[in-house]
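Hi everyone, thanks for coming.

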Amino acid sequence: MSNRNKRKKKQREERAFLEVEREREETLRLRKPTTKQRILYFFVGLIMNILPTYLFFSIYEMDLLKSLPLFGFVSIICSIILSMGYHNVSFFLKHRIIKKSGVNFQKQRTKKKVAGGEREERQKKQLESTITTQAVSLSLLYNSLFYLAVVLIFAFYITWIFEAPTNYVLSLACASSIVTYISSTKIQ
Amino acid sequence: MKILLLIILLLTSFVFAAEEQANLVVEKDILVTTLPHTEEEFTILYTIYNVGNGPAYDVRLQDAENFPKGKYSTVLSQIDTNWDIVEAETNTTHAVILKRHAVGSDFIGPAKVLFKNTPNGQDITSTSTYIGRLNFTPKSPGESRKSPNWEHWIIFSVVAALVLVIPFLLFKKSEKKKKRLTMNLRKKK
C-alpha cells in the first residue's frame with residue numbers, strides 16, 4: 001500500500017475514533033440529570049415517601065410527634081435513592097422513544113447552508129424537549145406505582161413482624177433500593 | 001304549757017334532723033372500646049350520686065387496693081380522692097388514667113366510699129359497682145394491621161391517585177405534541 005493510501009486510512013480511523021469519543025461524552029453528559037430534574041425527582045420522591053408514612057402513623061399507631069425525626073430522616077434518604085431510580089428510567093425511556101420516532105437528532109456538520117435548516121433544527125429541539133417531558137412523566141408514573149406496591153408488600157406482609165419503627169425503616173429502605181437497582185439494570 | 005310546747009318542738013326538730021340523711025350510690029366504669037393491653041392507657045370513671053335528702057360530708061374515695069403500685073401506674077390524676085361535701089340530689093365524678101405493666105389477669109373489685117351525715121358524725125361506708133375480671137395481654141405487632149382500617153386506606157388511595165394522575169396527564173399531553181412534531185419533520189423529508 002502506498003504511503004498516501006496509508007495516510008488516508010490513518011486519518012479515516014482517527015476521525016472515526018474522535019466521532020465515537022464525541023458520542024460517548026455526549027451520552028455521559030446527557031446521563032447526568034439537570035438541576036431542575038434533580039429537584040423534581042427529589043420532590044416527587046418525598047411525596048411518595050409521605051404516603052406510606054401516613055399509613056404507619058394511622059394503622060400502626062406510631063406517635064407522630066415522637067417519630068417526626070425518624071420520619072424526616074428516612075424520607076429524605078429514601079427520596080434521594082428514589083430520585084436516582086427516576087432518572088435512570090427516564091434516561092432509558094428517552095433513548096427508546098428517540099429510536100422509535102425515527103428522527104435523526106445529530107447536528108449536520110456541513111459548511112453549506114441548507115434551505116429551511118434553521119427551522120428544522122428548532123423543530124428538532126422542540127421534539128427533543130417534548131420527548132424528555134414524556135420520558136420524565138412516564139418514569140415518575142411507573143416508578144412511583146412500583147415503589148408504592150413494594151412498600152405495601154414489605155410493610156404488611158414481610159417486615160410486619162418487627163416493631164413499627166423498625167418496620168418503617170426496613171420497608172422504605174428496601175423498597176427504594178429495589179426500585180433503584182431494577183432501574184439501573186435497564187440502562188445496563 | 002309553754003315548756004310542753006318547747007319539748008314537742010325540740011323532739012320534732014330532732015326527728016326532722018334525723019330524717020336528713022345522705023345516701024351515696026357509686027358507679028365505677030372503665031372507659032374503653034376494646035380491652036386494654038399492657039402498656040396501654042385506660043380510664044376509670046367514678047360517679048357518686050347522693051340520692052338521699054341530706055348532704056354527705058367528708059366523702060373519701062378509696063380504691064388503691066384494686067390497683068397495686070407494682071402492677072399499675074397512674075398516668076393522670078390519682079386513685080384515692082376526697083370531697084368536703086356532696087349536696088343532696090347531686091352527683092360528682094372522678095376520673096383516673098392508669099396503665100398496667102405486667103401481663104396477667106386481675107379482678108377489679110368495687111371501690112370503697114366513706115362519708116358522714118354530719119360534719120363530726122360517724123363514718124358510713126358505701127361500695128361502688130365493680131368492673132370484673134380483665135385480662136391484660138401484650139399488644140402484638142400485627143394486631144393493628146389485621147383490622148380493616150377502611151377510612152385510612154381510602155384516604156391513602158385517593159391521595160395516591162391524585163398525585164399519580166398529574167404525570168399521567170403530562171404524558172398524554174406530550175404524546176400528542178410529539179406525534180404532531182414527528183409528522184411535520186417526516187413531511188419535510
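So, how many salt bridges does the structure hold over all chains? The count is seven. Please keep in mind as we go that this is a predicted model.

Let me begin in chain A. Here the side chains of A:K94 and A:E128 meet in a salt bridge, at 3.8 Å from N to O. What I like about this pair is where the partners sit. A:K94 belongs to helix α3 of chain A, residues 68-101, while A:E128 belongs to helix α4 of chain A, residues 117-158. The two are 34 residues apart, and the pair links distant parts of the chain.

Is A:K94 buried or exposed? With a relative accessibility of 14%, A:K94 counts as buried, because the cut-off for buried is under 20%.

Now please turn to chain B. The side chains of B:D58 and B:R60 form a salt bridge, with 3.4 Å from N to O. B:D58 is partly exposed at 27% relative accessibility, whereas B:R60, at 19%, is buried. That 19% falls under the 20% cut-off, so B:R60 gets the label buried.

Which residues are linked in a network of salt bridges? They are B:D58, B:R60, B:K116 and B:D123.

There is another bridge to point out in chain B: the side chains of B:D106 and B:R100 meet at 2.1 Å, N to O. Both B:D106 and B:R100 are buried.

Let's move on to the cysteines. As a quick reminder, a disulfide is a covalent bond between the sulfur atoms of two cysteines. How many disulfides does the structure hold over all chains? The answer is zero.

Take A:C78 as an example. The cysteine sulfur nearest to A:C78 is that of A:C174, 9.3 Å away. Why is A:C78 in no disulfide? A disulfide needs the two sulfur atoms within 2.5 Å, and the nearest sulfur is 9.3 Å away, so A:C78 has no partner.

How do their surroundings look? A:C78 is buried, with 3% relative accessibility, and A:C174 is partly exposed, at 27%.

Technical notes. Residues numbered from 1 in each chain as written. Chains lettered and ligands numbered in written order. Predicted model: local features only at pLDDT ≥ 70, side-chain atom pairs only at ≥ 80, totals over all residues. Heavy atoms only, no water. Salt bridge = Lys/Arg side-chain N within 4 Å of Asp/Glu carboxyl O. Helix = DSSP H or I, 4+ residues; strand = E, 2+ residues; numbered from the N terminus. Buried < 20%, exposed > 50% of the residue type's maximum accessible area, 1.4 Å probe, protein only.
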